[in-house]
Each structure stands twice: as C-alpha cells, then as structure tokens.
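Visitor: I've got a structure to look at and a few things to ask. Can you walk me through it?

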Amino acid sequence: MSHHHSSYLHKPENALRRAVELQSISQPDAALTLLHDILSSRRHKTWSPAYEQVMILYLDLCLKKNKSREAKDGLHQYRNLSQSQAPGSLEIVIRYLIDKAETKCKMAKESVEEEEEGGGGVA
C-alpha cells in the first residue's frame, strides 16, 4: 500500500517542500496538483501558517500557468480552511495575489510597449 502521497496530505510543510522540489525539476503541474490536494483535503481542518505558504506558492504557480479558474478554486478552499481560525490570513493571500497579478500585467504592458517602440521603423 503506497502512502507516500497521503503523507504529504497530513502535513502542509511536507507538501510545500515537495512542491518546491517538483518546481525545481520543471514539474509545475505536478506541484500545482499536490498543493491543490492539500488545500482541498478534508482530513485536517486545523489552519497553520504553513497553509499560508502553500497558498502563496499555489497562487504563484497559477499565475505562471495562467490558471485563473484553479486560483479561484484554491482561494475558495483556503477561505473554508482559514476563515474561522485565521481570517487575516485570507486577506494577506488575496492581497498577495492582487499585487502579483498587477505586477504581471504591468510587465506584459511594458513588453508590448517596448515591441511597439522597437518596431517603429517598419512601415
């Protein structure tokens, strides 16, 4: 009976470490799945600061992969987990997402503007 995956589900710290490993070997989708499993697992309902880290890494991956539906789902799961024990944490996570998304938009806009400026001589 293989329980190596479920052992991550018991401890968010373990899942976080594993997700970082997966990311470092270019498996962001596997990392995303693992973090989503942790967030949606019904086994444990006790919030801990590690979940905030899990959520932040999860949102980073969602932004990198342009997975807005997954990001929204993760936020719903996290709200359920944190609202009674750490309502302030949800706010931190949402603010983080907004900052990140704004930075991403700004970078995209700048790269488009650079292309437009650079391509000015082609008529």
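Predicted model: local features only at pLDDT ≥ 70, side-chain atom pairs only at ≥ 80, totals over all residues.

Visitor: Which helix holds Asp60, then?
Guide: The protein chain has 6 helices and 0 strands, and its pattern along the sequence reads α-α-α-α-α-α. Asp60 falls within residues 49-64, and that stretch is helix α4.

Visitor: Which residues does Asp60 touch, leaving out those up to four places away in sequence?
Guide: For a contact, heavy atoms have to be within 4.5 Å. With the sequence neighbours up to four places away set aside, Asp60 touches Tyr96 and Lys100.

**Cysteines**

Visitor: What about Cys105, buried or exposed?
Guide: Cys62 makes a handy contrast: its relative accessible area is 2%, so Cys62 is buried. The exposed class begins over 50%. Cys105 comes in at 53%, so its label is exposed.

Visitor: And how many disulfides does the count come to?
Guide: A disulfide needs a pair of cysteine sulfur atoms within 2.5 Å. Going by that rule, the count is 0.

**The whole chain**

Visitor: Of the contacts with a separation of 6 or more, what share comes from residues 24 or more positions apart?
Guide: Some background on the chain: of its 123 residues, 34% count as buried. As for contacts with a separation of 6 or more, the share from residues 24 or more positions apart is 62%.

Definitions and conventions. Residues numbered from 1 in each chain as written. Heavy atoms only, no water. Buried < 20%, exposed > 50% of the residue type's maximum accessible area, 1.4 Å probe, protein only. Helix = DSSP H or I, 4+ residues; strand = E, 2+ residues; numbered from the N terminus.
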